[in-house]
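Trainee: I've got a predicted model open and want to check the reasoning behind some labels. Can we go through them?

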Amino acid sequence: MPKDQIIETEQTRSSETETVSIFSKEILRDIVLPDLLGKEHSEILYWAGKQLARKFPLSNMEETIEFFTNAGWGTLEELKSSKHEAEYILHGSFVARRFALNEDCEFQLEAGFLAQQLAIQNKRITEAATEQKRKANRVKFLVRWDTKDSIEE
């Protein structure tokens, strides 16, 4: 099944009555994976996010924001953008639940995904860092790129 069709199918499912336990996803993501991956789990999840973005390249930021919502990662909003960097905030009930479930939860998968999507869209080598705002149930992403570091096609 083509990727576009898979995404469309998932969007259709989310509007139907079929549901999957968010709790089961949270357990796998924030408890099982870190245990399996060990002390390098943050770096591995960041790399996995970049790989995921390469498999699901999106053409603009609106599609990227929609992907975050459909993936159950939360609501992504752009705070500000300049020539060399952009700031985004991730919030919503999914983020709040992850913070409540596990004090050690991380958002490296999302950071890697966001960095790679912006790299694809801007044709610049891009990296992202996270800053957790636990009391506000938010995660801030600082995404940076060098305008001299272009990606060759």
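Trainee: Which residues does T126 contact, leaving aside its neighbours within four places in sequence?
Mentor: Y46, K50, A115, L118, A119, V143, R144 and W145. To be called a contact, heavy atoms have to lie within 4.5 Å.

Trainee: And why is T126 called buried?
Mentor: Its relative accessibility is 1%, and the label applies under 20%. So T126 counts as buried, because 1% falls under that cut-off.

Trainee: What makes the approach of T126 to R124 a polar contact?
Mentor: A polar atom of the T126 side chain lies 2.8 Å from the backbone oxygen of R124. The limit is 3.5 Å, so the pair is within it.

Trainee: Now the strand: where does T126 sit?
Mentor: In β3, residues 124–133.

Trainee: How do you know that β3 pairs with β4?
Mentor: Pairing takes at least two bridges, and nine join β3 to β4 (residues 138–150). Therefore they count as paired, and they run antiparallel. In one of these strands, β4, R144 is the bridge partner of E127.

Trainee: What is the strand order in the sheet?
Mentor: β1-β2-β4-β3, an open sheet of four strands with antiparallel pairing.

Trainee: What makes β3 an edge strand?
Mentor: β3 pairs on one side only, as does β1 (75–81). On average, neighbouring strands here are turned by 25° against each other, direction ignored.

Trainee: Which helix lies across β3?
Mentor: α5, residues 93–101. Helix α5 also lies across β2 (85–91) and β4, running at about 110° to β4.

Methods
Residues numbered from 1 in each chain as written. Predicted model: local features only at pLDDT ≥ 70, side-chain atom pairs only at ≥ 80, totals over all residues. Heavy atoms only, no water. Helix = DSSP H or I, 4+ residues; strand = E, 2+ residues; numbered from the N terminus. Buried < 20%, exposed > 50% of the residue type's maximum accessible area, 1.4 Å probe, protein only. Polar contact = N/O pair within 3.5 Å; in protein donor to acceptor, adjacent residues only side chain to side chain. Axes fitted to C-alpha atoms, helices over the stretch in contact; angles between N-to-C directions.
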